[in-house]
Each structure stands twice: as C-alpha cells, then as structure tokens.
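The sequence and structure are shown first.

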Amino acid sequence: MKEYIVVDLETTGLDPYKGCEIIEIGVTEITKGEIGRNYSRLIKPKNHIPYFITEITNISDDMVENEESIEQVLPRFREYLGDKIMIAHNAKFDLKFLNYYLELLNLEPITNYICTLEMLKQVKSYNGKNKKLETACSYYNIENKNAHRADSDTLATAKLFLTIKDKI
C-alpha cells in the first residue's frame with residue numbers, strides 16, 4: 001500500500017483570493033494501511049484572525065503571535081509531501097489554499113490527491129444526511145475529539161479513509 005499524507009487546514013476565511021490565510025496545517029501519516037504520526041503546526045497570519053474563526057477553531061491571535069509565517073512553513077511542508085498522495089476531506093478547499101500560496105512562493109502545486117468527500121459519494125451503503133466530515137464520522141462511529149482543529153480533523157479523515165476505501 002502507498003504512503004499517504006492526510007492534510008487539513010484551518011484558515012481565516014473561505015477564499016485565499018480575498019486575503020484569507022492559512023493559520024494551521026494538520027497532518028496524519030498513513031503507511032501500509034496504518035495510521036502513523038499525527039501533528040499540526042500553527043502559522044502566524046499577516047492579518048488578525050476574525051472573531052468568528054476563533055470561535056470555530058479556538059485559534060486566537062495570541063496563539064499564533066510567535067509562530068512562523070506561511071513563507072517559512074510552506075516550503076518545508078511541500079518538500080515533506082513530495083510525491084506522496086495527499087488525502088483531504090473536501091480536498092478542493094484545502095488545495096485552493098495550498099496551491100494559491102505555493103504559487104505565490106514559486107513552489108510546485110499539489111496535484112496528487114484523494115478526496116474523502118468524493119469517495120463518500122461513491123459509497124452506496126453510506127446513508128448519512130450529508131457528506132460533511134462530522135456527519136460521516138458520526139455515521140461510522142469515528143471519534144473526532146477536537147473538530148475544527150487540523151490535527152484532530154486529519155486523524156478523523158485518516159480513519160474515515162481507511163473505513164471507506166474498500167467500500168467503493
């Protein structure tokens with residue numbers, strides 16, 4: 001089995017083209033069908049984190065004050081990802097941010113990915129009311145202790161991937 005890197009971002013909004021920024025990158029490794037290392041990295045944005053984002057993520061300006069910038073973090077992240085397959089739930093959202101900032105830094109875009117939301121659409125036995133990560137986790141009894149934090153969401157997404165990969 002391949003090596004996968006499950007990725008989730010927390011951001012200051014929905015659109016990098018309108019100035020929204022990445023404030024956390026979470027990663028869970030899957031190697032030979034087993035969940036490995038799980039961690040996240042806070043990132044200091046150029047602008048203040050909106051109050052409603054702090055309400056959702058519990059990430060505040062104080063928490064990111066002494067963290068590295070996206071310009072420092074993203075090149076190392078891109079090198080770490082290499083040609084491994086990235087997995088994300090609603091990958092289009094994460095890729096929009098990652099590839100926007102990768103392009104700004106003249107780094108290679110991410111094109112090798114799997115989207116667990118798209119996978120769910122192919123699972124005929126899935127009867128959740130929608131395809132949101134929270135709903136799918138509830139449906140498959142996958143615990144996501146700290147939803148809307150990147151490390152917890154990637155761990156839940158990794159478990160979801162391993163649960164549904166053979167149901168397609």
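## Helix and sheet packing

Helix H3 (residues 70-81) packs against helix H4 (residues 91-104) at an angle of about 105°, and their axes are 10 Å apart. Axes are lines fitted to C-alpha atoms, for helices over the stretch in contact, and angles run from 0 to 180 degrees between N-to-C directions. H3 and H4 are therefore roughly perpendicular to each other (65 to 115 degrees). Helices (H or I, at least four residues) and strands (E, at least two) are DSSP runs, numbered from the N terminus.

The model is predicted: local features need pLDDT of at least 70, side-chain atom pairs count only at pLDDT 80 or more, and totals for chains, interfaces and linings use all residues. Residues are numbered from 1 along each chain as its sequence is written, and side-chain values use heavy atoms, with hydrogens and water left out.

In H3, Ile70, Leu74, Phe77 and Arg78 contact Leu98, Tyr101 and Leu102 of H4 (heavy atoms within 4.5 Å).

The open sheet has 5 strands in the order E3-E2-E1-E4-E5, with mixed pairing; two strands pair if DSSP finds at least two bridges between them. Strand E3 (34-42) and strand E5 (113-115) are the edge strands. From one strand to the next, the twist averages 25°. Strand E4 (residues 85-88) runs parallel to E5, joined by 3 bridges, and Ile87 stands opposite Ile114 in E5.

Two helices contact the sheet, as tabulated.

| Helix | Strands touched | Angle to E2 |
|---|---|---|
| H3 | E1, E2, E3, E4 | about 15° |

Conventions:
Parallel < 35°, antiparallel > 145°, perpendicular 65-115°, else oblique.
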